[in-house]
Amino acid sequence: MDFLKKYIRIYWKKYIIVLIFLTLEAICDLLQPTIMSKIIDNGVAAKNLNYVFHMGGIMLLVTVIGAVNAATRNIISSRVSQKFGTELRGDLFKKVQSFSFDNINKFQGATLITRLTNDVTQVQNFAHGMMRIFVKAPILCIGSLIMAVLLNPPMALILIGVIPVIFFIIYLNVRISYPFFVKIQIALDKLNEVMREYLSGVRVVKAFNRFAYELDEFKISNDNLTNASITGMKVVSIFNPIITLVINLGIVVILWMGGIKVNNGSMQVGKIIAFINYMTQILFSLVMMSHVFTMFIRAKASAERIGEVFDQENSLREIDSPADVKNIKGKIEFKNVDFTYSGSLNPVLKNISFVCNPGEMLAIVGSTGSGKTSLINLIPRFYDVTSGELKIDEINVNMMNLKELRDIIAIVPQKTMLFSGNILENIKWGNENASVEEVQDAAKIAQAHEFIMSFPEKYTTQLGQGGVNLSGGQKQRISLARALLKKPKILILDDSTSAVDMTTEGKIRRGLKLYLKNTTCIFIAQRITTIREANRIIVLDNGMISAIGTHEELMKNSDIYKDIYYSQMGREDAEYGK
Ligand code: TTP
Ligand code: MG
């Protein structure tokens with residue numbers, strides 16, 4: 001949990017200030033019962049009204065000082081803990097942003113989100129708790145004990161008998177209930193997971209009428225959470241009354257012994273009341289300490305989960321003095337590249353070697369799962385090659401600065417991803433400083449301009465999360481416009497017109513040809529009409545290059561390519577009546 005050191009360095013001074021306030025607050029609390037006993041014994045019992053007023057004034061003053069202290073301390077501690085939480089969340093988010101795909105894949109499902117939210121809150125709560133009760137409780141406990149001894153040493157013996165018993169009960173309570181609280185946390189995690197999965201897949205759930213199944217899943221998780229919570233609460237509900245019982249027994253003993261002492265004149269009533277007050281303060285502080293302890297255990301588990309994120313070493317190493325990429329022309333070279341996803345045994349790409357010259361248009365075809373997406377993901381270093389070399393203009397991509405490398409590449413991913421905001425903002429991801437004309441030009445090439453203009457709000461049309469209010473083909477075209485606006489040296493299209501009709505695709509192709517004059521373009525496509533436009537075509541089969549060449553060459557010497565061609569042309573001939 002080294003990551004906490006940073007925040008300790010930042011906040012220790014404020015923490016000390018809080019501690020001073022806390023100590024003053026505790027001292028005020030400790031003085032009150034004694035002052036009260038004096039009022040009762042020397043004022044009320046002796047019928048000395050002046051004394052009552054005088055001491056009453058002092059008591060009021062002590063209370064006011066205590067309250068002012070508490071308020072100030074509360075303001076500081078709330079601010080500090082909130083700031084700490086904000087900073088911790090921010091740092092975590094930054095760390096997660098620096099993650100490679102490999103790193104992210106290691107954290108399954110929603111756990112990164114839970115860590116960023118719930119876990120940070122747990123640690124933050126503990127930090128706040130430390131500034132509220134952590135030091136005050138021991139001071140109150142020990143202080144009350146000292147005050148009680150000063151009041152009447154023989155009676156203080158009762159406390160010395162009662163406190164260890166309470167200590168022991170609290171210890172048992174924590175020991176027995178802690179595992180249940182861990183279970184509650186796990187059940188909660190699971191419930192979140194089911195809920196999130198349902199919400200993200202709600203369309204499919206509805207389409208397949210899987211409500212009953214989802215309901216069952218939810219019911220199981222929900223019941224688990226209920227059971228764990230009930231058992232946890234049961235333990236707490238047994239122990240809390242036992243603690244109260246013990247303390248009340250103590251009070252009974254004090255009253256009994258006190259009664260005898262008052263009767264024989266060796267002790268005054270006020271002192272007994274003060275004594276009981278100190279006893280309850282001790283109880284209160286012990287219970288507080290047990291709360292802090294539970295909070296500590298939960299925060300510790302959370303801090304460990306957060307620490308795991310911070311400890312993740314980025315699987316993409318960056319070198320200290322990266323090569324200059326300013327004059328990159330866009331030649332791409334794969335040299336004996338093998339690639340295996342981490343955690344998997346089978347290589348996805350085997351011995352891939354090819355060169356794509358600057359300005360060339362290279363197509364990749366192959367059946368689903370043949371490794372096309374995996375191959376192009378290596379170019380912007382979404383993943384690192386397992387062995388072999390991947391060079392751009394004779395420079396190994398590992399020698400480049402990641403940001404600079406990704407600046408020269410634009411990619412239209414297979415799975416379109418748009419973000420909340422309007423269309424203009426989404427396209428401008430490609431280039432924040434682009435003018436409206438440039439955005440429109442890019443949209444025109446991507447054949448998006450027309451449909452965007454048909455919306456009532458045109459380019460300022462708001463997109464729902466992930467662009468839910470657009471059709472698949474519309475999303476793809478906006479995603480393409482976004483990449484084109486970047487004016488990259490290397491453009492990568494992963495099946496990015498698969499949801500666009502053939503006529504529109506033809507238009508996009510013609511626009512791209514003009515646009516791409518000085519741009520290297522690698523694209524993956526399924527339709528032969530699209531592929532044959534490329535300067536060269538790679539036929540990928542089961543992670544290996546089975547053939548490479550122009551359309552004409554492949555028609556002569558690649559059986560796989562011929563198969564693809566005939567299977568489609570038959571269909572397209574029919575469609576076009578050729
Ligand atoms: P892909 O490279 O995704 O195959 P593809 O792009 O050729 O297929 P499609 O036409 O359907 O888009 O996958 C190749 C293999 O790698 C496949 O067996 C799944 C596996 N794989 C992973 O294990 N992890 C990943 O993140 C990806 C993308 C693929
Ligand atoms: Mg793919």
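Is T373 buried, partly exposed or exposed? With 27% relative accessibility, T373 counts as partly exposed, where buried means under 20% relative accessible area, exposed over 50% and partly exposed in between (1.4 Å probe, protein chains only). The legends below describe a predicted model, in which local features need pLDDT of at least 70, side-chain atom pairs count only at pLDDT 80 or more, and totals for chains, interfaces and linings use all residues. Residues are numbered from 1 along each chain as its sequence is written, chains are lettered from A and ligands numbered from 1 in the order in which they are written, and side-chain values use heavy atoms, leaving out hydrogens and water.

**View 1. The magnesium ion (ligand 2) is coordinated by T373 and Q414.** The donor atoms are OG1 of T373 and OE1 of Q414, at 1.8 to 2.2 Å; donors are N, O and S atoms within 2.8 Å of the metal (3.2 Å for Na, K and Ca), and because water is not among the atoms, sites may look incomplete. T373 belongs to helix α10 (residues 372–377), whereas Q414 lies in the loop between β6 (409–412) and β7 (421–422), so the pair ties together parts that are 41 residues apart in sequence. Helices (H or I, at least four residues) and strands (E, at least two) are DSSP runs, numbered from the N terminus. Q414, at 43% relative accessibility, also counts as partly exposed.

**View 2. An open, antiparallel sheet holds 4 strands in the order β2-β1-β4-β5.** Two strands pair if DSSP finds at least two bridges between them. At the edges stand β2 (349–356) and β5 (395–396), each with a single partner strand, so one side of each has no neighbour in the sheet. Strand β1 (residues 332–339) is joined to strand β4 (residues 387–392) by 5 bridges, and F334 stands opposite L390 in β4.

**View 3. A mixed, open sheet holds 6 strands in the order β6-β9-β10-β3-β11-β12.** Its edge strands, β6 and β12 (544–549), each pair on one side only. From one strand to the next the twist averages 15°; axes are lines fitted to C-alpha atoms, for helices over the stretch in contact, and angles run from 0 to 180 degrees between N-to-C directions. Strands β9 (residues 490–494) and β10 (residues 520–524) pair in the parallel sense over 5 bridges, with L493 opposite F523 in β10.

**View 4. Helix α15 (residues 472–485) lies across β6 and β9.** The helix runs at about 175° to β6; contact means heavy atoms within 4.5 Å.
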